[in-house]
Amino acid sequence: MIESVAHIDGGALVGILTTPNVHTKKSGAAAILFNAGIVHRIGAHRLNVKIARRLAALGMPALRFDLSGLGDSPPAEQASGFEEQAVMDVQRAIDAAAEQTGADRFVVIGMCSGADHGYRSALVDKRIAGLILMDPYAYAHPSAKAADIVRRAMEPDRWVRKAKSILNKSLPDDRQAPDEQSRPVPAREEFGRDLALLVARKVEILILYTGFVRSFLLKPEHFFETFDEHNLAGGVTVKLNLDADHTYTTLASQRELLNSIEEWIGGADLTHKDAR
């Protein structure tokens, strides 16, 4: 494969373009990857690098870049809200990838806040034909919520902490669940409606959840039941690896992630094209 520095929009953004060994400009799909939170464009545990290289090995170019003000990209010249700026940055990266690779449709890949930016970008840019969202928004299913209460009640150290908090008021009486979402979350109805709009536009969507959402979802059916009024079952693929942590720390979870992405790419219909 070939990797080269990409100066996007005259250097407003900086990234790395990964292409197959023999690369000529041709129509097709390319991947766009970027930061999760404030993590550099390489991604947690270099996941973005590994994903980009796996995709290039499959023949798909991939551009991973830093959003404005993160990593090697300077702050934006004009102040915009963080979410609005991220969407504009994704669109500028798509422009650059289209120019450098000849691609005319794109798969946007994001983790956590990156997933949020990815789906919002797809709502406004019809060149996005596919989304891979890692731990996007999740909403509590009653069965998962009940199971989580039981699981927490059975944790021995939780009751030790509870006892200590009673004896020493300076200690917190419980910890925040590691799988509770701290980023702003839209109403369930809004997220469901947006996904339904993307499905109607024939955008292929892969959602990958980890143990981060254990208190919300325990199986793919819980996701679809949460949005049953939108009938997403035919247009969204959902996979759960509850043994994986939020950033895929173990090599085993990374291998499963890469294999899931490769399998999905192989079966996704990314031929749908529409002008922005």
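Which side chain does Glu189 meet in a salt bridge? The partner is Arg188, with N and O 3.3 Å apart. A salt bridge here is a side-chain nitrogen of Lys or Arg within 4 Å of a carboxyl oxygen of Asp or Glu. By this rule the count comes to 14 salt bridges. The structure is a predicted model, in which local features need pLDDT of at least 70 and side-chain atom pairs count only at pLDDT 80 or more, while totals for chains, interfaces and linings use all residues. Residues are numbered from 1 along each chain as its sequence is written, and side-chain values use heavy atoms, with hydrogens and water left out.

Of its 276 residues, 49% count as buried, where buried means under 20% relative accessible area, exposed means over 50%, and partly exposed lies in between (1.4 Å probe, protein chains only). The accessible surface of the chain is about 13,100 Å², and carbon and sulfur atoms make up 55% of that surface. Such areas come from the Shrake-Rupley method with a 1.4 Å probe, and for residues only the protein chains shown count as cover. Contacts (heavy atoms within 4.5 Å) can also be sorted by sequence separation: among those between residues at least 6 apart, 75% join residues at least 24 apart.

Back to the opening pair, Glu189 has a relative accessibility of 43% and is partly exposed. Arg188 is partly exposed too, at 24%.

Arg92 pairs with Asp89, and their closest N and O atoms are 2.7 Å apart. Both residues belong to helix H2 (residues 82–101), where they sit 3 residues apart, about one turn of the helix. Asp89 is buried, with a relative accessible area of 0%, whereas Arg92 is partly exposed at 21%.

A third example links two elements. Glu263 forms a salt bridge with Lys239, with 3.1 Å between the closest N and O atoms. Glu263 lies in helix H8 (residues 251–267) and Lys239 in strand E8 (residues 236–241), so this pair ties together parts that are 24 residues apart in sequence. Glu263 is exposed, with a relative accessible area of 55%, and Lys239 is partly exposed at 27%. Elsewhere, salt bridges with shared partners join Glu3, Arg53 and Arg64 into one network.

Note on methods: Helix = DSSP H or I, 4+ residues; strand = E, 2+ residues; numbered from the N terminus.
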